[in-house]
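These are my notebook entries on a single protein model. I set down here what I looked up, in the order in which I looked.

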Amino acid sequence: MQIPCVDRHKIMENAELINRNHKAMRVEGVTYEVPTFSALKGAIDAIYWHPGVETIPTAVYIHNPIKKERITQNGYNEGRGQRSRECLVNVRYTIIVYLVQMNTMQEGMNLDKYYEMLTKYINGGCGNKVPYLGIAMDPMNFKLINSDDIKPTQPFNEDLGFMPFTEDYTKPKDPDLVCRHLTIENGIIDFTKGEYFHCYEGLT
């Protein structure tokens, strides 16, 4: 499976939006069908982050069927009368990520150097810091692969609706959540497509 071409302007659009509003790693408050853009970016930034570079997830390839289980807080999937949460299980994704150099790049750092450091930390295990995903804060395990190593995706389509994308800090004291309308097409989510929407705009 080959990586499809992505419109460079779409990648830069996402990078500029994130660079303007990105404040900290985001952890989603609910379990979605697939990882969100903001959660993936937060996990990648936890591995290695440097001012002047934005890591932009552009696509997720879904390799295992989407399954959910209710897991109790003590980590078991059975037990009556215990608080529990819905979690994804047996997940396996390929994440396509582009590195974008911003105009705040510091002297002595470039994309090649950043990629070298990111590769070092990924190949060393979980990274410089342990990247987490989801409300249960489950650690993620990353490894770099070539495009020829991408396994077949699950052959299904689904409208995911508006999913969290990034925070909008235009109003610092009253930030809003920017969502994007995403779909799964033949087991692939393209983060460069879909309408933007301020999730809480107009709500009281």
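Entry 1. I note that the model is a predicted one.

Entry 2. I then followed the strands around this pair. β1 and β4 (residues 93–101) pair in the antiparallel sense, and I counted nine bridges between them. β1 also pairs with β9 (residues 188–190), again in the antiparallel sense, over three bridges. Within β9, Ile189 is the bridge partner of Val60.

Entry 3. I checked the burial of β1. Because 10 of its 10 residues are buried, β1 is largely enclosed by the rest of the structure.

Entry 4. I turned to the nonpolar cores. The largest has 29 residues, and those with the most contacts inside it include Ile189 and Phe191. Among the elements that give two or more residues to this core are α1 (8–21), β1 (53–62) and β7 (158–168). The largest share, five residues, comes from α2.

Entry 5. I listed the contacts of Phe191, leaving aside neighbours within four places in sequence. Phe191 is in contact with Pro57, Thr58, Ala59 and Val60, among others, and its partners also include Phe37, Leu40, Phe165 and Leu182.

Entry 6. I recorded three helices and 10 strands, running α-α-β-β-β-β-α-β-β-β-β-β-β from the N terminus. Of the 204 residues, 36% count as buried. The protein exposes about 12,200 Å², of which carbon and sulfur atoms supply 48%. Among contacts between residues at least 6 apart in sequence, 64% join residues at least 24 apart.

Conventions. Residues are numbered from 1 along each chain as its sequence is written. This is a predicted model: local features need pLDDT of at least 70, side-chain atom pairs count only at pLDDT 80 or more; totals for chains, interfaces and linings use all residues. Side-chain values use heavy atoms; hydrogens and water are left out. A nonpolar core is a set of buried Ala, Val, Leu, Ile, Met, Phe, Trp, Tyr and Cys residues joined through side-chain atoms within 4.5 Å. Buried means under 20% relative accessible area, exposed over 50%, partly exposed in between (1.4 Å probe, protein chains only). Helices (H or I, at least four residues) and strands (E, at least two) are DSSP runs, numbered from the N terminus. Contact means heavy atoms within 4.5 Å. Accessible areas come from the Shrake-Rupley method with a 1.4 Å probe; for residues, only the protein chains shown count as cover. Two strands pair if DSSP finds at least two bridges between them.
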